[in-house]
Amino acid sequence: GLGEEVIHVLMASLFWPDSQATGKAIQALQKAVHAAAPHPAYHQQLAGQLLQQVLWGMSLTSGAGEATNEYAHIVAVNTPLLHLFRDIYISLAPLTPLVDQSINQAAGTDAQTLAGLRTTLLGKAQSEKRQRALLKEAIKGGQRASPIPPLGALAPRVPRARAAAGVAGAAWSEEESCLAFDWVQAQ
């Protein structure tokens, strides 16, 4: 349906190298998670695909040290991603086992840790800050299963040095020019 398409576009926007678009996508996805959680038709997309993207983005610095330059724009949204992770977990973990499966697949968290997390987070009232800290700690030691970035994570960008120097396509290779043009057309 239309809701699934909108969520898909927002998921693709999560890792665009435009911080405004990324911030708005995260805010919209937080609202979508809360609105769509009661509807099982959205569980696969939210607890599966979206959660794996969020965990991939968060894994870029956790335990791996500094992120590479191509991922710098994703590391900048690590905290909002943690907020989105918390919203997905709290809204969907009681409703579908896909949440635990996605965390296990993406972060390599074992079943015992996941069961303890579920009991701790869903068993008693805690502040959102404490919930986020517990979620972050639970995935910290795990290794992500796939090094492949999700859709939209590596969108072509205009290098700052070229943009600042005012050198448009002249200093670019033909491939870079085509990628930049394709990217502008896609927006």
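Is Gln-131 buried or exposed? Gln-131 is buried, at a relative accessible area of 6%. Before I go on, a reminder that this is a predicted model.

Confidence, then. The mean pLDDT of the protein is 77, and 68% of its residues reach 70 or more. Of the protein's elements, helix α5, residues 78-92, has the highest mean pLDDT, at 94. Helix α9, residues 160-165, has the lowest, at 46. The pLDDT stays below 50 over residues 154-165. That stretch, 154-165, still has 20 contacts in the model beyond near neighbours in sequence. Residues 182-187 are also below 50, with 4 contacts counted in that way.

Setting aside residues within four places in sequence, Gln-131 contacts Arg-86, Ile-90, Leu-121 and Gln-126. With Arg-86 there is a polar contact, side chain to side chain, at 2.7 Å.

The side chain of Asp-87 makes a polar contact with the side chain of Arg-86 at 2.9 Å. So what is the relative accessible area of Asp-87? The value is 8%, under the 20% cut-off, so Asp-87 counts as buried. Asp-87 is part of helix α5. Not counting residues up to four places away in sequence, Asp-87 touches Gln-30, Val-33 and His-34.

To sum up, the Arg-86 side chain has polar contacts with the side chains of Gln-131 and Asp-87. Gln-131 is buried, and Asp-87 is buried.

Key: Residues numbered from 1 in each chain as written. Predicted model: local features only at pLDDT ≥ 70, side-chain atom pairs only at ≥ 80, totals over all residues. Heavy atoms only, no water. pLDDT = per-residue confidence, 0-100. Helix = DSSP H or I, 4+ residues; strand = E, 2+ residues; numbered from the N terminus. Contact = heavy atoms within 4.5 Å. Buried < 20%, exposed > 50% of the residue type's maximum accessible area, 1.4 Å probe, protein only. Polar contact = N/O pair within 3.5 Å; in protein donor to acceptor, adjacent residues only side chain to side chain.
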